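Subject: Structure handover

Hello,

I am passing on the structure we spoke about. Please have a look at it below; my notes on what was found follow.

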Amino acid sequence: MARLRAICGAQTVDAERKFPGDGFLGHVTDVSALPELGWFVGLEQHYALLRALGCPDPKWFMGFVIQKPPHSPGLYWHQDWWGWSDEVSFGDRPPLLVLAFYLRDVGTENGCLRVLRGTHRRRHALHAEMGRTAELLGDDGERRAHPLLASLPDAVDVPVRAGDMVVQDARLLHATHPNASPDWRPMIFLSVIPDMAWLSEAVQATVEIKRPKVERSWPAQHYDLVCARQARYHGTAAPALINRTALPRGSGAQADGATRVR
Ligand SMILES: O=C(O)CCC(=O)C(=O)O
């Protein structure tokens, strides 16, 4: 824990000046820029836990260190899956999981997660609002009242203790409370494909394009710790369109939500 806190803490030094960032999400560092986290990404415990939870062959896809600054707003309602153009999105099996590791106790006062139960499989009124994040700030940069920032009665808080890990289906609608405390709230976010072989080849091809190419940038001693963990695709299928809008099944790749990869 001390090692993780030191690595993450180093990213917040001078954050205001170097990383103006997203006022809602907080200060984000791509794990691919932090080879010193290779040991953590590659830890067998993560993958053993996921296998025990029923994931046949969990593989690392991406990672971010997400740190909510002191006195910062909550994150708006959203979901993290980008493959809604593909049939894999509409089954009980999660196409993508998120592992969130919290490095300090987090509750409603310092930015804990909020989720809407069952929304990975069920429609919710908020699905119609996805993709409207451009409306959240007025021209003056002030936050507006908006459904994506609403406090919903069916939301469930997920308070955690330092060292806890939350495993989440990437399709689930979630948000966070504001961080009203004077301290940073650090979290390491790893996304994991539970079973590449179960995804369509088109989605596998998108994974291959989107995944960070740490084999090119990380020193061997760090890369060696993750190389067998990475989600890889070596086939020739055309990639699936990126679609984050969580459209109902059969809507396909609509013009407003689907874009070519890259
Ligand atoms: O910062 C958090 O706790 C949540 C971040 C999140 O929801 C996301 O990155 O998708």
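The ligand is surrounded by Ile 66, Leu 75, Asp 80, Leu 113, His 174, Thr 176, Met 187 and Phe 189. Please keep in mind that this is a predicted model. Of the residues in the shell around the ligand, five are nonpolar, two are polar and one is charged. Two strands, β7 (174-176) and β8 (185-193), each contribute at least two residues to that shell.

Strand β7 also belongs to an open sheet of three strands, in the order β5-β4-β7, and the pairing there is antiparallel. Both β5 (155-158) and β7 are edge strands with a single partner strand each, so one side of each has no neighbour in the sheet. From one strand to the next, the twist averages 30°. Three bridges join β4 (residues 113-116) to β7 in the antiparallel sense. Val 115 has His 174 as its bridge partner in β7, and His 174 is also one of the residues around the ligand.

One residue elsewhere in the chain was looked at separately. Tyr 233 sits in the loop between α7 (220-223) and β9 (242-243). Apart from neighbours within four places in sequence, Tyr 233 is in contact with Gln 204, Ala 205, Val 207 and Glu 208. Gln 204 is 29 residues away from Tyr 233 along the chain, yet their C-alpha atoms are separated by 5.9 Å.

Regards

Definitions and conventions. Residues are numbered from 1 along each chain as its sequence is written. This is a predicted model: local features need pLDDT of at least 70, side-chain atom pairs count only at pLDDT 80 or more; totals for chains, interfaces and linings use all residues. A residue is near a molecule or strand if its C-beta atom, placed from the backbone, lies within 6 Å of it. Helices (H or I, at least four residues) and strands (E, at least two) are DSSP runs, numbered from the N terminus. Ala, Val, Leu, Ile, Met, Phe, Trp, Tyr, Cys and Pro count as nonpolar, Asp, Glu, Lys and Arg as charged, and the others, Gly among them, as polar. Two strands pair if DSSP finds at least two bridges between them. Axes are lines fitted to C-alpha atoms, for helices over the stretch in contact, and angles run from 0 to 180 degrees between N-to-C directions. Two residues are in contact if their C-beta atoms, placed from the backbone, lie within 7 Å.
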